[in-house]
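The sequence and the structure are shown first.

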Amino acid sequence: MIWYPYEQMKTMKPPYEIVDAEGVYLYTKEGDRMIDSISSWWSVIHGYKHPVLTEAVKRQADVFSHVMLGGLTHAPVQALSDKLADWLPGDLDYCFFSDSGSVAVEVALKMALQFNVNRGDRRRTVLALAHSYHGDTFKTMEVGDDEDYHFAFGEKKGVIHIPTEISALEEAFLQYHGELNCFIVEPLLQGAGGMRMYDLAFLKRARQLCDAYDVLLIFDEVATGFGRTGYRFVADEVQPDILVLGKALTGGYIGHAVTVANSRVYQGFYGDDPSLALMHGPTFMGNALACSVAYASIELFESQDYMAKIQRMTKIMHREMAGFSSPKVKEVRILGGCVCLEVHNSAALAGYQEFAKKRGVFARPFLKYLYAMPPYVMTEEQLVQVLSVMKEWFI
Ligand SMILES: Cc1ncc(COP(=O)(O)O)c(C=O)c1O
């Protein structure tokens, strides 16, 4: 029996059974066709069954699907790490692979904490954002700030949460710099914490303060990476010391993620003393199928000018949402390839999923947030359909 995520198993509605998926469409067992408006939790940026990605997986599967990275290496993982080192800004060159975003964030936090241990610096407190979500494993829950997900696991220690306001940021550094190890953020767009959007100026100031007080800056771009905010990576604008990518890394084909360190962080582990090494090693890190498809996905992203596609998507979202209002809707937010309608009361979204399905759209609102994060290959007509269904719900 399957135990489904984030659900009360006794009362959950039966999930839709998907028998096929192609482009932006999901096909159900009953023969319904739905546009996936949320890209399978924001990962399937090229749509389903993309011939180039499918071919990359098949080609590698004919060679080998997996060998461990302990004592072994292979061409797909080397090619992907070289590509990422080239593609990512500055000296974000050192790629540690893992099998999910949560684990990759754990690795980022372990890197940051051990970086200080290795240099004999006792500062261990993590600065994080209010409403942040970084995953469901223990340390990521601790730095996260979402009681709806993590209420059952006790008091959070070793973390300080601040709002996305420059004054709060400056105050936190002034007050706590003597104990701060790192500052972790979902840059510009806080996803699971409520599709909250904030300004680049906050991150620029964060970079300055991290430099001034010798605190590591971590960008969790598991959700925001690969164009979702309208920037290829927010790291292109403000460079963190450690960058975490997941979700869209493989175009949604295979669960995989990467924690990328700059040379200063890498050098903090480098030396003759074995005890300085990073003691982490997921069984499936650098999986050959995942690396092959991730490489093909990045090539597609570049060759098909995805940034232009995302800009076009943002324009359509603004155009379609212009003038929309409802007494039930508190705010409409748009950034890059993300649109969110926040309602005053979560009850206002009860029944939306069925409503949308009847109109050919798959959506999954949560709490007070009705949102879309479409695959970037969505046509104008399909996107207008998604946005129209969202608006129609409130009429
Ligand atoms: C910002 C962020 N970090 C980390 C994660 C965790 O990724 P995963 O679900 O692959 O463990 C998520 C998942 O939604 C996320 O949005």
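## L188 and its backbone

In this predicted model, L188 is buried, because 26 other C-beta atoms lie within 10 Å of its own. L188 sits in the loop between β7 (180–185) and β8 (189–190), and its phi is positive, near 70°, in a residue other than glycine.

## Other positive phi values

W41 likewise is not a glycine, yet it has a positive phi of about 50°. This residue belongs to helix α1, and because it has 15 C-beta neighbours inside 10 Å, W41 counts as partly exposed. A further positive phi, near 70°, is found at G120, which follows α4.

Is V44 buried or exposed? With 27 other C-beta atoms within 10 Å, V44 reaches the threshold of 20 or more, and it is therefore buried. Its place is in the loop between α1 and α2 (51–61).

When residues up to four places away in sequence are left out, V44 touches D36, S39, G251, G252 and P375. By contrast, the C-alpha atoms of V44 and T125, which are 81 residues apart along the chain, are separated by 35 Å.

## Helix α13 and what covers it

Helix α13 covers residues 380–392, and at 1.5 Å a residue its 13 residues should span 18 Å, which agrees with the 18 Å between its end C-alpha atoms. Its buried residues are L383, V386, L387, V389 and M390. Seen down the axis of α13, these buried residues fall within an arc of 155°, so they line one face of the helix.

Which elements cover the buried residues of α13? The cover includes the helices α11 (306–321) and α12 (352–358), together with the strands β3 (33–36), β14 (338–343), β15 (361–362) and β16 (369–372). R359 lies in the loop between two of these elements, α12 and β15, and with 16 C-beta neighbours inside 10 Å it counts as partly exposed. Between R359 and V386, 27 residues apart in sequence, the C-alpha to C-alpha distance is 8.9 Å.

Helix α4 has 18 residues, and the distance from its first C-alpha to its last is 25 Å, close to the 26 Å expected at 1.5 Å a residue. Its buried residues are G101, S102, V103, A104, V105, E106, V107, A108, L109, M111, A112 and F115.

Helix α4 (residues 101–118) also gives the most to the shell around the ligand, with three residues. Of the 14 residues around the ligand, those that come nearest are G101, S102, G135, V222 and A223; G101 and S102 are among the buried residues of α4. By class, the shell divides into five nonpolar, seven polar and two charged residues.

## K204 in helix α8

K204 is found in helix α8 (residues 200–213). Because K204 has 13 C-beta neighbours inside 10 Å, it counts as partly exposed. K204 and F366 are 162 residues apart in sequence, and the distance between their C-alpha atoms is 31 Å.

The domain assignment of the protein gives domain 1, made of 18–50 + 305–392, and domain 2, which covers 53–303. How far apart do the C-alpha centres of domain 1 and domain 2 lie? The two centres are 27 Å apart, and the contact between the domains takes 25 residues from domain 1 and 22 residues from domain 2.

On the side of domain 1 that touches domain 2, at least two residues each are supplied by α1 (39–42), α11, β13 (329–335), β14 and β16. By class, this side of domain 1 has 15 nonpolar, eight polar and two charged residues. Of these contributing elements, α11, β14 and β16 are also included in what covers the buried residues of α13.

Notes: Residues are numbered from 1 along each chain as its sequence is written. This is a predicted model: local features need pLDDT of at least 70, side-chain atom pairs count only at pLDDT 80 or more; totals for chains, interfaces and linings use all residues. Helices (H or I, at least four residues) and strands (E, at least two) are DSSP runs, numbered from the N terminus. The expected span of a helix is 1.5 Å times one less than its number of residues. A residue is buried if 20 or more other C-beta atoms lie within 10 Å of its own, exposed if 12 or fewer, and partly exposed in between; C-beta atoms are placed from the backbone. The arc is that of the directions from the helix axis to the C-beta atoms. Two residues are in contact if their C-beta atoms, placed from the backbone, lie within 7 Å. A residue is near a molecule or strand if its C-beta atom, placed from the backbone, lies within 6 Å of it. Ala, Val, Leu, Ile, Met, Phe, Trp, Tyr, Cys and Pro count as nonpolar, Asp, Glu, Lys and Arg as charged, and the others, Gly among them, as polar. Domain bounds come from an automatic or database domain assignment.
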